[in-house]
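Here is a short report on one protein chain. Keep the sequence and the 3D view at hand as you read.

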Amino acid sequence: HIVCGAIVLVGALLLLATAATADECEECWGKSSGPCRHDKDWSCFQYISPGVCPPGTSPCAAVDCAVSEWGAWSKCDATCGGGSQYRSRKV
């Protein structure tokens, strides 16, 4: 329970990011799909054996997200009896 005079900080982080993974390339030409993209025409292909792309293709690299420093805490939304504070960061 929260009582008057107590300080309670609640941090919130909503991380929404899309990234290419080793399972599928993004932005493949036409209706092609797969973890390997052709070096010239951006068509995508499946591995020819586990982790090995066909000749003339390269694996799509994962995207590493960078995040900013945490922002300042918001003002408490209550003066007594409990409340919440928030802070955020950019992805």
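## A link from the segment before β1 to β2

C28 and C44 are joined by a disulfide, with their sulfur atoms 2.0 Å apart. The torsion about this S-S bond is -95°, and the link of C28 and C44 is left-handed. The pair connects distant parts of the chain. C28 sits in the segment before β1, while C44 belongs to strand β2, residues 44-45. The two cysteines are 16 residues apart. Both C28 and C44 are buried.

A disulfide is a covalent bond between the sulfur atoms of two cysteines. Keep in mind that this is a predicted model.

## The chain as a whole

How many helices and strands does the chain have? It has zero helices and three strands. Read from the N terminus, the order of elements is β-β-β.

The chain has 91 residues, and 15% of them count as buried. Its accessible surface comes to about 7,000 Å². Carbon and sulfur atoms account for 58% of that surface. Now take the contacts between residues at least 6 apart in sequence: 27% of them join residues at least 24 apart.

The structure holds three disulfides. One of them joins C25 to C60, with an S to S distance of 1.8 Å. C25 lies in the segment before β1 (36-38), and C60 in the segment after β3 (57-59). These are distant parts of the chain, 35 residues apart.

Why is this disulfide right-handed? The torsion about the S-S bond of C25 and C60 is about 105°, so the disulfide is right-handed.

Are C25 and C60 buried or exposed? Buried means under 20% relative accessible area. C25 has 9%, so C25 is buried. C60 has 11%, so C60 counts as buried too.

C36 and C53 form another disulfide. Their sulfur atoms are 2.1 Å apart. The torsion about the S-S bond is -80°, and this link is left-handed. C36 lies in strand β1 and C53 in the loop between β2 and β3, so the pair ties together parts that are 17 residues apart in sequence.

The relative accessible area of C36 is 0%, so C36 is buried. C53 has a value of 16%, so C53 is buried as well.

## A cysteine in no disulfide

What about C76? C76 is in no disulfide. The nearest cysteine sulfur is that of C80, 9.9 Å away. A disulfide needs sulfur atoms within 2.5 Å.

C76 has a relative accessible area of 39%, which makes C76 partly exposed.

## A glutamine after β3

Where is Q85 found? Q85 is in the segment after β3. Its relative accessibility is 14%, so Q85 counts as buried.

What does the side chain of Q85 reach? It reaches the backbone oxygen of S74, at 2.9 Å. A polar contact has a cut-off of 3.5 Å between N or O atoms.

Key:
Residues are numbered from 1 along each chain as its sequence is written. This is a predicted model: local features need pLDDT of at least 70, side-chain atom pairs count only at pLDDT 80 or more; totals for chains, interfaces and linings use all residues. Side-chain values use heavy atoms; hydrogens and water are left out. Helices (H or I, at least four residues) and strands (E, at least two) are DSSP runs, numbered from the N terminus. Buried means under 20% relative accessible area, exposed over 50%, partly exposed in between (1.4 Å probe, protein chains only). Contact means heavy atoms within 4.5 Å. Accessible areas come from the Shrake-Rupley method with a 1.4 Å probe; for residues, only the protein chains shown count as cover. A polar contact is a pair of N or O atoms within 3.5 Å; within protein, one must be able to donate a hydrogen and the other to accept it, and residues adjacent in sequence count only if both atoms are side-chain atoms.
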